[in-house]
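Please examine the sequence and the structure shown below. The paragraphs that follow lead through selected parts of it, one after another.

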Amino acid sequence: MVFTSVVFIFYFLPLTVLLYFLVSLTGSQRAKNWVLLIASLIFYSWGGLQYTFLILFSTIVNFVMGLFLDRSPHHRKGWLAAAMVVNLALLGFFKYFNFFTDTAVAILQIFDPTVANGLPRIPLPIGISFFTFQIMTYVIDLYRGEVPVQKNYFDLALYIMLFPQLIAGPIVRYADVDQEIRQRRTRTEDLYTGIRRFMLGFAKKMLLANQMGEISDAAFGLAVYDNMLYSWMGVAAYAFHIFLDFSAYSDMAIGLGKMFGFHFKENFNYPYISRTVREFWRRWHISLSTFFRDYLYIPLGGSRKGTAKTYRNLLIVFFLTGLWHGASWNFVVWGLWFGVFLVLERAGFGKVLDRLPTVVRWLYCMLVVLVGWVFFRAETLPQAAAYLQSMFVPGPQNWQHLEIIKLLNRENLCWLLCSILICIPKGKLWNRIDRSFVLRDVLILAAFFLSLCYLLITDFNPFIYFRF
């Protein structure tokens, strides 16, 4: 089930909210947790019951490991290692089995072209990267003594399966919601801001992200990349698409969380105003960046053990960041692409950038990001190479792809302008609107109503990050 579906908007969410606030009248925290847990199970099971058994198994294993870790002070490292092995083994099998076997077969075919991959394909469970990382934060923080052990399995299950952030994040650490799982209440202000944030995210997805996705899909879907303008237009549209799509999901997740008394941290902070790659990764997918920083980069030594090891640590982190996003060499190259520029900026290029005009620094950062998005969007490395060639090497400039030009109609140009405005910090005009509660809420309601009209036209609105 997805947030932008008729089932969720008109049935699942209203019924869940109604039941939640009815049991809230009893004052029972346990009843409220049960309502959310059952709703979350239904939400996740909508995509396939077999995946629900997997997430329940993962939760049971980590719950038991957490109890052993807490009760065995002399074997804490062993239980932590066991938990990490199980978590990474599940993630590795379901997400990377096909990747590893395909790679092995491709290598063997160099020597024997008749070799074929006869192994069965393993389906990718929805959201496995997100819920695996979340459960790992619980076990690691428990080992570090930063959180108390959870002795109630159903409360730990609620943390993992809480439907607002289950499918595509943001990655919520156990420490951030431990107290709210135990005791929380939804204030009127939280309910109001949560509904407003959800409607804004819904409108961002339906009105902006989907329209930018049409343009980028048309550009990347061409049989031959032979027009420089189309190629730049396509990757720019994809940059808007992936940001608006993922940040819209985060907006809706944060809004839904507030409606039920949870306060998730922000996941984006205007990444496209960044002037260095380092700044970009402080603003983009913040929950993932901080996860790798706190649970990998710093334990590897961070920047404390000399220059060479700092560069090594950065490359390891971004190699794994790329691999986390997808089981494909495209994602590995995408991660290493950013890792190399982070190393360069630390090696002295950052000081050169500091002396350049702001607009030059911004152009540099956006060029790095856009090239990176080509690897992220393309299905294969040869496709990415062909697309990049069309961006930088003048070709025959075929202008016959009229389907792309048709997409640049008045309506989509309007949404493009809105997308640009969404990507930059609020100006004085919006601040004035924001202070005028009636005008602001009327605009939000109007955008939400228009989004519902788009939803009823097409009920297929998958989020990009579902496949991760």
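At what angle do H5 and H6 pack, and how far apart are their axes? In this predicted model, the two helices pack at an angle of about 135°, and their axes are 9 Å apart. On the side of H5, the contact is made by Phe 131, Gln 134, Ile 135, Thr 137 and Tyr 138, while H6 contributes Leu 156, Tyr 159 and Ile 160.

The surroundings of H6 may be considered next. Helix H6 spans residues 153-161 and is mostly covered, with eight of its nine residues buried. The buried residues are Tyr 153, Asp 155, Leu 156, Ala 157, Leu 158, Tyr 159, Ile 160 and Met 161. These buried residues pack against helix H5 (128-144) and also against helix H2 (29-45), helix H3 (49-71), helix H7 (163-166) and helix H8 (174-182). The N-terminal end of H6 is capped by Asn 152, which has a side-chain oxygen 2.9 Å from the backbone nitrogen of Phe 154.

Is Asn 330 buried or exposed? The cut-off for a buried residue is under 20% relative accessible area; Asn 330 has a relative accessibility of 2% and therefore counts as buried. The side chain of Asn 330 reaches the backbone oxygen of Thr 380 at 3.2 Å. When neighbours within four places in sequence are left aside, Asn 330 is in contact with Phe 375, Ala 378, Glu 379, Thr 380, Leu 381 and Ala 384.

The last topic is the cysteines. How many disulfides does a search of the whole structure find? The search finds zero. Cys 414 and Cys 418 illustrate the reasoning. A disulfide requires two cysteine sulfur atoms within 2.5 Å. The cysteine sulfur closest to that of Cys 414 is in Cys 418, and because it lies 4.5 Å away, it is too far for a bond. Seen from Cys 418, the closest cysteine sulfur is likewise that of Cys 414, at 4.5 Å. Cys 414 counts as partly exposed because its relative accessibility is 42%, and Cys 418, at 27%, also counts as partly exposed.

Definitions and conventions
Residues are numbered from 1 along each chain as its sequence is written. This is a predicted model: local features need pLDDT of at least 70, side-chain atom pairs count only at pLDDT 80 or more; totals for chains, interfaces and linings use all residues. Side-chain values use heavy atoms; hydrogens and water are left out. Buried means under 20% relative accessible area, exposed over 50%, partly exposed in between (1.4 Å probe, protein chains only). Helices (H or I, at least four residues) and strands (E, at least two) are DSSP runs, numbered from the N terminus. Contact means heavy atoms within 4.5 Å. A polar contact is a pair of N or O atoms within 3.5 Å; within protein, one must be able to donate a hydrogen and the other to accept it, and residues adjacent in sequence count only if both atoms are side-chain atoms. Axes are lines fitted to C-alpha atoms, for helices over the stretch in contact, and angles run from 0 to 180 degrees between N-to-C directions.
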